[in-house]
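Here are my notes on this one, jotted down as I went through it. Have a look at the model first, then read on.

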Amino acid sequence: MTDTPVPTNAGASPPSQAPRSQWWDVWDQFRSHKGAMVGAAFFLAIVALVVFGPLIWDVDPTKTNIRERNAPMSLSAPLGTDQLGRDIFARMIEGGRISLAVGLTAMGLSLLLGTLIGVLAGYFRRLDGVLMRLTDLFLALPLLPLLLVMVLLFREPLTAAFGIETGIFILIVSAIGVTSWMQTARIVRGDVLALKEREFVLAARATGTTPAKIITRHVLPNVMSPIMVSATLGIATAIITESALSFLGLGFPPDFPTWGRLLNDGVPYLQQYPGRAFWPGLAISLVVLSINYVGDGLRDALDPRIRGR
Amino acid sequence: MLTFTIRRLLFAIPTLLFIALVIFLLLELAPGDPMANVPLTVPAEVKEQMRIALGLGEPMHIRFWKWIIQFFWIEPLNVFDALFGTSFAEGKLRIISWQNRAPVFIAIAERIPQTLWVVGTAYVVAILIAVPVGIYSAYKQYSVFDQAGTFVTMVGFSVPPFFSGVLVIIIFAVQLKWFPSIYDTTHVVNSWDAFLFQVRQMFLPVMVLALQITSQLSRFMRASMLDNLQQDYVRTARAKGLKERAVVLVHVLRNSMIPVVTVIALGVPSIFGGAIITEQVFKVNGIGQLLITAIQANDLPMVQTLTFIFAVLIVLFNLLADVLYGILDPRIRYD
Amino acid sequence: MRTRTALMCSVAGALLAQMAFADGHEGERGRDGEVSIIYWQAPSTLNPFLSGGTKDVESASLILEPLARFDETGTITPWLATEIPTVENGGVAEDLTQITWKLRNDIVWSDGTPFTSEDVKFTWEYCTHPEGGCAQITKFEGVESVETPDAHTVVVNFSAPKPYPYTAFTGGESPILQKAQFEQCVGAAASTCTEQNFGPIGTGPFVVTEFRTNDVISYAANENYREPGKPAFATVNFKGGGDADAAGRAVMQTGEFDYAWNLQLAPEVIAQMEEGGLGTPVVGFGPLVERIMLNNTNPDPALGPDERSVIRPHPFLSDPAVYNALSMAIDRPLLVEIGYGQAGRVTCNWVPAPEAFNSTSITCDTQDLDGAKAMLEEAGWVDSNGDGVREKDGVELRMLYQTSTNAVRQDFQALIKEWWEEIGFAVELRNVNASVFFGGDAGSPDTFQKFYADVEMYANTFNGTDPQAYLANGLCDKAPQPSSQWQGENISRFCMEEYDALWNELSQTAQFEERTRIAKELNDMIVQNGGMIPLVHRGRLSAHANSLGGIKLNVWDSELWNIADWYRIDGS
């Protein structure tokens, strides 16, 4: 039984070398995962494109050009133009910045909340009842009125404090984060309930390990895989939810393109100009796919039983 | 386990009352007005009178109390009357929708069949596909099947139904003309042909919904199977000389079901909740569409009632999931 | 031999039938089977007095009928009455305080009972009951009493002279209810009458067979309908819900439906659907105008909730140079082309229809960016600090431009923002969820009545053909205020003594030419003095299957007003 999950001196490195941190082992394992490397490369490429894209492609994404509207793909507009003659490529880049930022941050927030509540509820029986009823409450709340209330209460103060762009960013990220952690919490709790009774946790407890240590060293690494799946699904949900929010007039101002909004706006033109919905759809799918592979690799890399094999 | 279940059920009552109150306050706080859909040509004074006729003039706590009484006493009485032909509820005011000033349960009863047909079928189809796909992709990790499965499920999940729904309509209804694009809720299945028509009109929405649910479910199934396939007990079981089939389908599967059971149990209430966007795209007009139109029209009694029923289902199915955990993994104890 | 004769007979029969029905499309009732209609907003009730929504009024108009309707040209025509009462034919009293309707005596309700003046009187009582919350109560404004001298005469008395008396009992919004059916449903009891509200008995060409709220309605031909051989359709399938996109597709591309209502879609999308070849769009123009309202009060967030958008004047929008420049910078023909296509026209007026009320004194159909810049320059608005925004006396031309969420409106926002920024404004955009924007929730800062923005865009219209009540929306005391719970129709908070005085004159004038002259003058006054910037005169665009005949798109009354005359075109 090698149930002590994080051995500090075991692993892929030969014993002759100086002791190294477990993260090097994780990295070694991750590097050997082909899918994860391709996914990571893809993801970084997309991030690089949206971050540095405007430096290379400096077309204003909100500039209309009526004579050039609905133009097909060409050198001057690589992905064509939309119904107001705005450059779709520039809009995709601009939209990607917002969508990726919203997707990643909201996903992070929701994972953090979900994992925290799930672990606490699963591990400490006293908290279980209260936290799970809280989860029930959030699952039951109708999303749309909840978002309307959040926008009503917090938009003015947030935009006043941080400016329109940052203010609304914070609002949207917290709105999505606060309304999407419940599933993760329930899944993590279920796993923790089972893990808690396993021999290695019992052993750790018997040797007097503090709950905090047990959770971080023994429990968390073992609930990584549902968390990773939630993360991959979560980023797609966050990007789409953002588009639903913009669609309802609760999101960014209408002159901020986001992938979700571009996809949404493209749907009525699906028959004439399929590209308009295709490109943002493809971009969202690619991000989700690449994160999925990264997640797969990370999960394997973090699993001490696989690592070193 | 029984005492646990009973204790949880008893605890559910105050929880649900609290949830009802939170929903009520949330809806009160949300901006919006039941008169928003009345044309601008109707003057403000008239709208005010209409609001008063809806009972909006009364203070908040009285309206909440009235709703509680109506939901827990008058509506059950009505059900009793309908079943046994009595007239206990006569003359008592039921929960009235603000959109049409008719009892909300009339509308809910009209909507349940199509929602169960479409969303329920999609759910069953999705589970039937997702569980085997998840098991097999995990068992043959990184095989061609697994890679293709990953690709399809990820694309399926990241493409929202407002896009995929319209896309399948354009391909299968407009171009190929194989399926209708608009669901007929008045259709009665009373013959083989009628049944075929029902299958045809359900096909597209079920397909779109099932893709979405399958994607999610099969990911969790696969991840959980992968976790368990690496465990020592699997090695032990194999070493004991158990058949591979028995190892995977009995030992590993049972232990892998915990996160999947959660996802499935959380999903069942959402069958009742309907699929808002998919119902909208295919005009299924089920519970989801009822909820979204009620929210848009600020029909608070309707939204309150629907979300509360939804909350009851969530609490019940989460309890069920907890009981199932105990059955799947005897080590889990709640007492 | 026998078969051949039979064959010949049937061929001859078919020929005969074709000849007979070639022009009038006549025949027995219900000969054409089913017609299916799709409204992307689903009707929630069939009692138009309880809802007021267009979808509910129009779905009820197959069953319930008024005494007189407006036809497709906006002309009032008798429906359940024998003629239109006027001063000339003695139907309207000389002092304009009384109107006498003569009812047709061949009308029966769909349950077979006769239609009488008692039903008409009851309708008035039903709607004006203080606890009923009737949506159409303005139709009965000024009605003091309704008398029924005999079974087929109705006398309506007004408390003051009523220059335009065709409001009560006319048009789709004010149909007649059956007294026998609704007697127990007056006032607060209205909510207990689900059966009646979902299945009213009417005099119209169809009766309800099944009503599913917010979903679908099934109708069948009314066996007691007054005209033999009508309606041509035996049943109607009226589906509701979804979006305009899907409705248009179902009629023009897949052919699943025969008629789709109010297709607010981009012109390119409509054109694409039309290529499906199964249906045709039809357009009608009522008085609906998409406009930009200019805030005449100060919306500065720094002011308290009771002063924001209440205190006059606006820091810069009160300057004629500013609002005129804003209007000149807009390319209206382009907006029409992009947003509405055949369902839109350029307009410079607040009241563009009926034609008699359409003022011709303002022109605005060419964009003039240079002229706008020069005008601002001349008035002293210059960009002295080089940030691209003009200012004067420390006031910068920075605006918040809000509207409801809607694809066309967001396109308009993008274009107009660009034009305005070009002439030296800074524009921030905001879109608000329509159910919040148009809701009157006094607690929400985002309603169009509160107008916590400098300019806002939406569309408005009026019912019927007389704009007097609509023009009252420019009166000083109709401005929304905290004291009135932010209710009130004067959204731009326009206020001008001359306007109020002229409107009072209109309310006392009966002569038609004089009314049109005053109305046009009022229209010009509000547009030229910074009340609003009219953009597009919007039409109603609906689509019908090519196999459906008899459609006359009516924007003045229910679109389904003449469904009794609809028929299936042979051979398709």
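1. Housekeeping first. This is a predicted model, with local features needing pLDDT of at least 70 and side-chain atom pairs counted only at pLDDT 80 or more, while totals for chains, interfaces and linings use all residues. Residues are numbered from 1 along each chain as its sequence is written, and chains are lettered from A, with ligands numbered from 1, in the order in which they are written.

2. Chain C overall. Chain C has 16 helices and 20 strands (DSSP runs, H or I of at least four residues for helices, E of at least two for strands, numbered from the N terminus). Its C-alpha atoms fill a box of roughly 100 × 60 × 45 Å along the principal axes.

3. Burial in chain C. Of the 572 residues, 54% count as buried, meaning 20 or more other C-beta atoms within 10 Å of the residue's own, with C-beta atoms placed from the backbone.

4. In chain C, three strands make an open antiparallel sheet in the order β4-β6-β5 (pairing requires at least two DSSP bridges between strands). β4 (98–102) and β5 (143–150) of chain C are at the edges with a single partner strand each, so one side of each has no neighbour in the sheet. β4(C) pairs with β6 (residues 153–158) of chain C over five bridges, and C:Thr100 has C:Val155 as its bridge partner in β6(C).

5. Which chain C helix lies across β5 and β6? That is α4 (residues 117–128), running at about 165 degrees to β5(C) (axes are lines fitted to C-alpha atoms, for helices over the stretch in contact, with angles from 0 to 180 degrees between N-to-C directions).

6. Chain B against chain C. The contact (C-beta atoms, placed from the backbone, within 7 Å) takes 46 residues from chain B and 50 residues from chain C. On the chain B side, α2(B) gives the largest share, eight residues.

7. Chain C against chain A. Here 25 residues come from chain C and 19 residues from chain A. The largest share of the chain C side, eight residues, comes from α12(C).

Notes. Two residues are in contact if their C-beta atoms, placed from the backbone, lie within 7 Å. A residue is buried if 20 or more other C-beta atoms lie within 10 Å of its own, exposed if 12 or fewer, and partly exposed in between; C-beta atoms are placed from the backbone.
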